[in-house]
Amino acid sequence: VAVVPPPTAEAADDAAAAPAAAPRSPPPPPPRPYLTRQPSETARAFAERAAYLRERFGPPPADELAAMRQAALSMVWQNSRQLGCRYPAGAEERAGCGAGRPLATGAAIEGEMRARGATGDKVTA
C-alpha cells in the first residue's frame with residue numbers, strides 16, 4: 001500500500017500560483033466523408049450544419065449514398081434557414097425545414113447590404 005504524504009505549504013502555494021488549466025474541448029465527432037465546408041461558408045455556418053447532422057441523423061451512415069444524401073439535406077436546411085431558399089416540398093420535409101417552420105426572409109441579408117453601402121463596407125459583426 002502506497003502512502004501519500006500530506007501536501008506541504010510550499011506545494012499549496014505553487015498550486016495556487018499555477019494558472020488554471022483550460023477546459024478540455026469535447027472529442028471531435030466521427031468524420032462524415034461528404035460533409036465539407038463550402039468555399040463561401042463561414043466556420044459558424046459549417047459548425048451549425050455539422051451539429052444539425054449529428055442531432056437529426058446521429059452517427060454517420062456506413063452507406064455512401066446515405067452519407068451524400070445527408071450532406072445534401074444539411075445544405076438544404078442551412079440555405080432555407082439563412083437565405084430563405086425554397087426547395088421542393090419533399091426535400092424540405094426530409095431536411096426538417098418546411099411544413100410551417102419559419103424560414104428566413106432575406107431581410108437580414110438585405111439589411112446588411114444596406115449597412116455596408118451606408119458605411120463604405122465597414123460593418124462590424
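Modeller: Ala, Val, Leu, Ile, Met, Phe, Trp, Tyr, Cys and Pro count here as nonpolar, Asp, Glu, Lys and Arg as charged, and the others, Gly among them, as polar. The model is predicted, and local features need pLDDT of at least 70, side-chain atom pairs count only at pLDDT 80 or more, while totals for chains, interfaces and linings use all residues. Residues are numbered from 1 along each chain as its sequence is written, and side-chain values use heavy atoms, with hydrogens and water left out.

Biologist: Which residues line the largest pocket?

Modeller: Rolling a probe the size of a water molecule over the atoms shows where empty space is left. On a 1 Å grid over the protein atoms alone, a cavity is a set of points where a 1.4 Å probe fits but cannot get out, a pocket is an open set with protein on both sides within 12 Å along at least five of seven lines, and lining residues have an atom within 4 Å of a point. The largest pocket, about 240 Å³ in volume, is lined by Gln38, Ser40, Glu41, Thr42, Ala45, Arg49, Met75, Gln78, Asn79, Gln82 and Leu83. Three of these lining residues are nonpolar, six polar and two charged, and helix 3 gives the most, with five residues.

Biologist: How many cavities of 30 Å³ or more are there?

Modeller: The count is one, and the largest cavity has a volume of about 50 Å³. Its lining divides into eight nonpolar residues, one polar and one charged, with Leu35 and Leu53 among them.

Biologist: Which residues make up the largest nonpolar core?

Modeller: In soluble globular proteins, nonpolar side chains tend to be buried together. A core joins buried nonpolar residues (Ala, Val, Leu, Ile, Met, Phe, Trp, Tyr and Cys) through side-chain atoms within 4.5 Å. Here the largest core has nine residues: Leu35, Ala50, Tyr52, Leu53, Leu73, Val76, Trp77, Ala95 and Cys97.

Biologist: Why does Tyr52 count as buried?

Modeller: Buried means under 20% relative accessible area, exposed over 50%, and partly exposed in between (1.4 Å probe, protein chains only). Tyr52 counts as buried because its relative accessibility is 7%.

Biologist: How many aromatic pairs does the structure hold?

Modeller: Rings of Phe, Tyr and Trp (its six-membered ring) pair if their centres lie within 6.5 Å, and planes under 30 degrees apart are stacked, over 60 edge-to-face and the rest tilted. The structure holds two pairs. Tyr52 and Phe57 are edge-to-face, at 6.1 Å centre to centre and 90 degrees between the planes, whereas Tyr52 and Trp77 are stacked, at 4.4 Å and 10 degrees.

How values were computed
Points joined across faces, edges and corners; volume = space filled by probe spheres on them. Helix = DSSP H or I, 4+ residues; strand = E, 2+ residues; numbered from the N terminus.
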